[in-house]
Amino acid sequence: MGEWFEEFFDRLYYETYRPFQSEDVNEKEARFIMEALGLPPGSLLLDLGCGYGRHAVYLARWGYNVVCYDLSDYLLERARERVEEFGVGDRVVLVKGDMRMLDYDSVFDGVYMFFTTFGYFSDEENRDVIRRVSRALKSGGVLLIDVWNPAHVMYNAYLHRGHRTSWFEAGNYIVLEEAYYDIYNGRVNVKRLYLEKSTGKLIGERSFSIRYYTYWELKSIIEESNLAIEKTYGSYKSEKYEASSPRLIIIARKQRLHNP
């Protein structure tokens, strides 16, 4: 059996997240990415963990060149359809790959890791991902990293005594969810059961495990990779980051190397 992220981002993922991601939402989030990165049209961006390319197509429409990088064959196929639908094939390149193997050197003006695309691996592997991202950026390039607000995660852990059960409806499914908060290792471990709404039949089961980092932990990881934090946000509306924020969004810039 492979690692959770090798099977989680499949048709069930797409069909249960897509109903919540209207094109109005996608476009507004893409505009936030554009404004937060602060880079001019024509810049080359890396959408790391691109999924079905929901933001990349808008950025391409606005004049950016985007490399969409993801491990999921299913989501990359949806991204390919989306790129064709938006008519931006001349500005978007799709690449299949594991971010732990990211191997670019001073190529990109900006990199964005959106919607909790960080924290999938061990601590050392997560640190290495950021090192690889830094290497992929040009000198002076910008990283946007968007994760759960750790204060919110820890509050939920406290509120639910370390174990939460819930359910939600999405598309043609009812999703039953169990979340375990591992406060010793800073992880949220989640198991989901997917039931067909019309019949109640169990369609599939998936799990995921995310390492949530505090701001100061992320700051250490980012700074050790020759990146300096310039801004933080707490939402996709560019609101200030604080304890009650839904997200922790960090903007960091690769430091320019000065010749002696």
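**Notebook: aromatic pairs, a crossover and a cavity**

I looked up Tyr58 first: Tyr58 is buried, at a relative accessible area of 4% (buried means under 20%, exposed over 50%, partly exposed in between, with a 1.4 Å probe and protein chains only). The model is a predicted one, in which local features need pLDDT of at least 70 and side-chain atom pairs count only at pLDDT 80 or more, while totals for chains, interfaces and linings use all residues. Residues are numbered from 1 along each chain as its sequence is written, and side-chain values use heavy atoms, with hydrogens and water left out.

**Aromatic pairs**

I took the partner of Tyr58 next. The ring centres of Tyr58 and Phe86 are 5.2 Å apart and the planes stand at 75°, so I logged the pair as edge-to-face (rings of Phe, Tyr and Trp, the last by its six-membered ring, pair if their centres lie within 6.5 Å; planes under 30 degrees apart are stacked, over 60 edge-to-face, the rest tilted). Tyr58 belongs to helix H4 (residues 56-61) and Phe86 to helix H5, 28 residues apart (helices are DSSP runs of H or I with at least four residues, strands runs of E with at least two, numbered from the N terminus). Phe86 is buried too, with a relative accessible area of 12%.

I counted 25 aromatic pairs in the structure. For Trp4 and Phe208 the ring centres are 6.1 Å apart and the planes at 50°, so that pair is tilted. Trp4 sits in the segment before helix H1 (5-8) and Phe208 in strand E9, 204 residues apart. Trp4 is buried at 15% relative accessible area, and Phe208 is buried at 11%. Both belong to one aromatic cluster, whose members include Phe5, Tyr13, Phe115 and Phe121.

**Crossover**

I then followed helix H5. E2, helix H5 (residues 73-86) and E3 form a right-handed β-α-β unit (with the strands pointing away from the viewer, the path from the first strand over the helix to the second runs clockwise). Strands E2 (residues 65-70) and E3 (residues 92-96) run parallel and are joined by five bridges (pairing takes at least two DSSP bridges). I noted Val95 in E3 as the bridge partner of Tyr69.

**Cavity**

I found one cavity of 30 Å³ or more (a set of points on a 1 Å grid over the protein atoms alone where a 1.4 Å probe fits but cannot get out; lining residues have an atom within 4 Å of a point). The largest cavity has a volume of about 30 Å³ (the space filled by probe spheres set on the points, which are joined across faces, edges and corners). Its lining includes Thr116, Trp148 and Arg211. Strands E5 (137-148) and E9 (202-211) each supply at least two lining residues.

Note on methods:
1 Å grid on protein atoms, 1.4 Å probe; cavity = no way out; pocket = protein on both sides within 12 Å on 5 of 7 lines; lining within 4 Å.
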